Amino acid sequence: MNVLTAKYVSSEDTLTVILNGEIDHHSAQSIREEIDRQIYAHRAKTVYLDLKNVGFMDSSGLGLILGRYTHTKEAGGVLKILNPGASAQRVMKLAGTDKIIPIEWD
Amino acid sequence: MKKKIVNETEFSFPAKSVNESFARYAVSSFCAQLDPTIEELSDIRTAVSEAVTNAIVHGYRDTGEGRVYIKVRILEERTLVIIVKDTGCGIADITLAMTPLYTGDPSGERGGMGFSIMESFTDDLKVRSSVGHGTTVTMIKRLSKL
């Protein structure tokens with residue numbers, strides 16, 4: 001049930017990480033290194049974490065977002081969140097990450 | 001006056017992270033008999049996921065050893081009591097552990113928001129802990145009237 005996968009779409013300046021599944025402590029730990037490898041390989045100006053296919057996210061999702069925010073910054077880019085669902089939005093709002101990490105919809 | 005128990009269930013499972021999703025879906029499936037709103041169900045899932053993750057990651061230090069015990073009670077007036085218990089290492093300073101953004105995980109990959117989420121997504125949260133004996137988290141959620 002808590003399988004989390006990622007698809008990567010890159011263009012000249014952007015890397016979009018499309019997450020699919022549920023983000024909890026179990027699923028987050030299996031995917032964070034894979035995402036980091038892509039962030040450092042592409043060194044895109046903007047990295048989008050697309051959450052449109054994420055049906056559930058707890059505070060481990062916050063950890064996943066904040067960790068990728070740090071790594072993207074280190075790689076010279078900016079992290080943005082795309083299409084968060086209601087559950088992700090509530091958790092991000094509670095932690096205040098919506099104030100430091102821009103949210104966009106497409 | 002103490003509310004009567006209408007229904008209850010309890011189960012336990014090994015403290016393996018793969019069981020986090022099982023735990024939150026088992027609890028939300030049991031609560032579904034009260035016909036909660038989608039948002040209430042989502043609150044329950046999230047709060048249970050946080051409590052179970054804390055038990056696995058902090059109570060048992062992510063070793064996969066030990067068991068997590070869950071009890072869910074449905075009381076009168078659409079009141080849910082969810083108890084998540086571990087017999088792990090316990091919390092030395094509960095006030096510090098419950099401080100928003102505090103994390104006992106040095107990797108920085110956990111948000112330090114577990115207790116804040118449990119507190120905010122339920123109506124009442126109580127944490128009892130004893131170092132070397134374990135932690136019991138009791139959450140109360142009052143569902144809206146039908």
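In this predicted model, strand 3 (residues 46–57) and strand 4 (residues 78–82) of chain A run parallel, paired over 5 bridges. If you want a landmark along that pairing, look for A:Leu49, which sits opposite A:Ile81 of strand 4 of chain A. Now widen the view to the sheet that holds these two strands. It is an open sheet of 5 strands in chain A, ordered 1-2-3-4-5, with mixed pairing. At its edges you'll find strand 1 (4–10) and strand 5 (103–104) of chain A, each of which pairs on one side only. Helix 2 (residues 59–74) of chain A packs on this sheet, where it touches strand 2 (14–23), strand 3 and strand 4 of chain A. The direction of helix 2 of chain A makes about 175° with that of strand 3 of chain A.

Over to chain B, and a pair of helices. Helix 1 (residues 20–31) and helix 2 (residues 38–59) of chain B pack with their axes 8 Å apart, at an angle of about 140°, and their crossing is right-handed. On the helix 1 side of chain B, the contact uses residues including B:Ala23, B:Tyr25, B:Val27 and B:Cys31; helix 2 of chain B answers with, among others, B:Leu41, B:Ile44, B:Val48 and B:Ile56.

Setting aside neighbours within four places in sequence, B:Val27 contacts B:Phe11, B:Ile44, B:Val48, B:Ile70, B:Val72 and B:Ile82. B:Val27 is also listed with B:Val68, B:Ile70 and B:Met139 as having the most contacts inside the largest nonpolar core, a set of 32 residues. Helix 2 of chain B gives the largest share, with 7 residues. There's a second, separate core as well, made of 30 residues, among them A:Ile31, A:Ile39, A:Met92 and A:Ile101.

One last stop is helix 4 (residues 114–121) of chain B, which is where B:Ser116 lies. Is B:Ser116 buried or exposed? With a relative accessible area of 10%, B:Ser116 counts as buried, because the cut-off for that is under 20%. Beyond residues up to four places away in sequence, B:Ser116 touches B:Met98 and B:Pro100, along with A:Leu94 from chain A.

Notes:
Residues numbered from 1 in each chain as written. Chains lettered and ligands numbered in written order. Predicted model: local features only at pLDDT ≥ 70, side-chain atom pairs only at ≥ 80, totals over all residues. Heavy atoms only, no water. Axes fitted to C-alpha atoms, helices over the stretch in contact; angles between N-to-C directions. Helix = DSSP H or I, 4+ residues; strand = E, 2+ residues; numbered from the N terminus. Left-handed = near helix turned anticlockwise from the far one by under 90°. Contact = heavy atoms within 4.5 Å. Buried < 20%, exposed > 50% of the residue type's maximum accessible area, 1.4 Å probe, protein only. Core = buried A, V, L, I, M, F, W, Y, C linked by side-chain atoms within 4.5 Å. Pairing = 2+ DSSP bridges.
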